[in-house]
Amino acid sequence: MPQKIRMISEFSFPAAVLHAALVSAEYWQARVEELDGPHAELSIHHDDDGTLVASISKPVVTERIPPRLLRFWPSGLRLDYSEHWPPLVDGVARAEISGGIASVGSLTGICELSDGATGCLSEYSVTVESGIPMAGKLIAGAFAKGIIEDSGAVDAFTERWLRMRQERV
C-alpha cells in the first residue's frame with residue numbers, strides 16, 4: 001500500500017539562491033560527502049538548458065530496517081535516488097524525484113521550490129511503495145520514516161552550506 005509524504009521546509013535564502021545550489025555540482029558533492037557516507041556514489045548530469053540531474057547510490061542503513069524484517073533482508077542493498085532540477089522560471093522550480101531499493105520499494109514525487117515571505121519554501125510530495133507481500137506496509141513505513149529523518153539533515157546541511165557561501169562573498 002503506498003504511503004504519501006508531504007513536507008515543507010523553509011530556508012532563509014531566496015529561491016534563486018537555493019536553486020543555484022541545487023543545480024551546482026559543488027553543492028551535491030559536499031552534500032553526499034557529508035551526509036551519505038564513504039560508500040555513496042554521485043552522478044551529475046547537466047543539460048544545455050540548465051537542468052541538473054543528481055543521482056545518488058548509497059548502502060541501505062540496516063538500523064532503519066524493522067527488526068522483524070532484518071533476518072530476511074539481503075546484504076548489500078543500495079538506495080538509488082535522483083533529483084531532476086529544471087531551471088527556475090518566475091521564481092519557481094519543480095523538481096522530479098525518484099528512487100528506490102531494487103526489489104524492495106520505490107519512491108516518486110516532486111519538490112516545488114518558491115519564494116516565501118522571508119526566504120523560500122521547498123515543498124516535497126512523495127509516494128513510497130513496496131510490493132513485497134505481507135511486509136510491504138512495514139517496509140514502506142520504514143522507507144518513509146527514513147526519508148523524513150534524512151530531510152531534516154539535508155535541510156540543516158543546505159542552510160549551513162548556503163551561509164558559508166554567503167560569508168565568502
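**Pocket, sheet and helix packing in the predicted model**

Lining the largest pocket are 33 residues, and those nearest its centre are Lys-58, Arg-64, Leu-79, Gly-146 and Asp-150. A pocket here is an open set of points on a 1 Å grid over the protein atoms alone, with protein on both sides within 12 Å along at least five of seven lines, and a lining residue has an atom within 4 Å of a point. This is a predicted model, in which local features need pLDDT of at least 70 and side-chain atom pairs count only at pLDDT 80 or more, while totals for chains, interfaces and linings use all residues. Residues are numbered from 1 along each chain as its sequence is written, and side-chain values use heavy atoms, with hydrogens and water left out.

The volume of the largest pocket comes to about 710 Å³, taken as the space filled by probe spheres set on the points, with grid points joined across faces, edges and corners. H2, E3, E4, E5, E7 and H4 are the elements that give two or more residues to its lining; helices (H or I, at least four residues) and strands (E, at least two) are DSSP runs numbered from the N terminus. H4 has the largest share of the pocket lining, with 11 residues. By class, the lining splits into 23 nonpolar, 2 polar and 8 charged residues, where Ala, Val, Leu, Ile, Met, Phe, Trp, Tyr, Cys and Pro count as nonpolar, Asp, Glu, Lys and Arg as charged, and the others, Gly among them, as polar.

The largest cavity has a volume of about 100 Å³, and of its 14 lining residues Phe-11, Leu-22, Ser-122, Tyr-124 and Asp-155 sit closest to the centre. Here too H4 turns up: it gives the most to the cavity lining, with 3 residues. The cavity lining holds 9 nonpolar, 2 polar and 3 charged residues.

On to the sheet. Its 7 strands make an open sheet in the order E1-E7-E6-E5-E4-E3-E2, with antiparallel pairing; two strands pair if DSSP finds at least two bridges between them. E1 (3-11) and E2 are the edge strands, each with a single partner, so one side of each has no neighbour in the sheet. On average, neighbouring strands are turned by 15° against each other, direction ignored.

Several hairpins build this sheet. E2 (residues 41-46) and E3 (residues 52-59) are joined by 6 bridges, with Ser-43 partnered by Ser-55, and Gly-50 takes a positive phi near 100° in their hairpin. E4 and E5 (residues 92-101) also pair over 6 bridges; Leu-79, with Ile-101 as its bridge partner in E5, is also among the residues nearest the pocket centre. In the turn of that hairpin, Asp-90 has a positive phi of about 50°. Between E5 and E6 there are 10 bridges, including Val-92 with Ser-114 and Gly-99 with Leu-107.

Finally, H2 and H4 pack at an angle of about 130°, with axes 11 Å apart; axes are lines fitted to C-alpha atoms over the stretch in contact, and angles run from 0 to 180 degrees between N-to-C directions. The two helices are therefore oblique to each other, given that angles under 35 degrees count as roughly parallel, over 145 as roughly antiparallel, 65 to 115 as roughly perpendicular and the rest as oblique.

How values were computed
1 Å grid on protein atoms, 1.4 Å probe; cavity = no way out; pocket = protein on both sides within 12 Å on 5 of 7 lines; lining within 4 Å.
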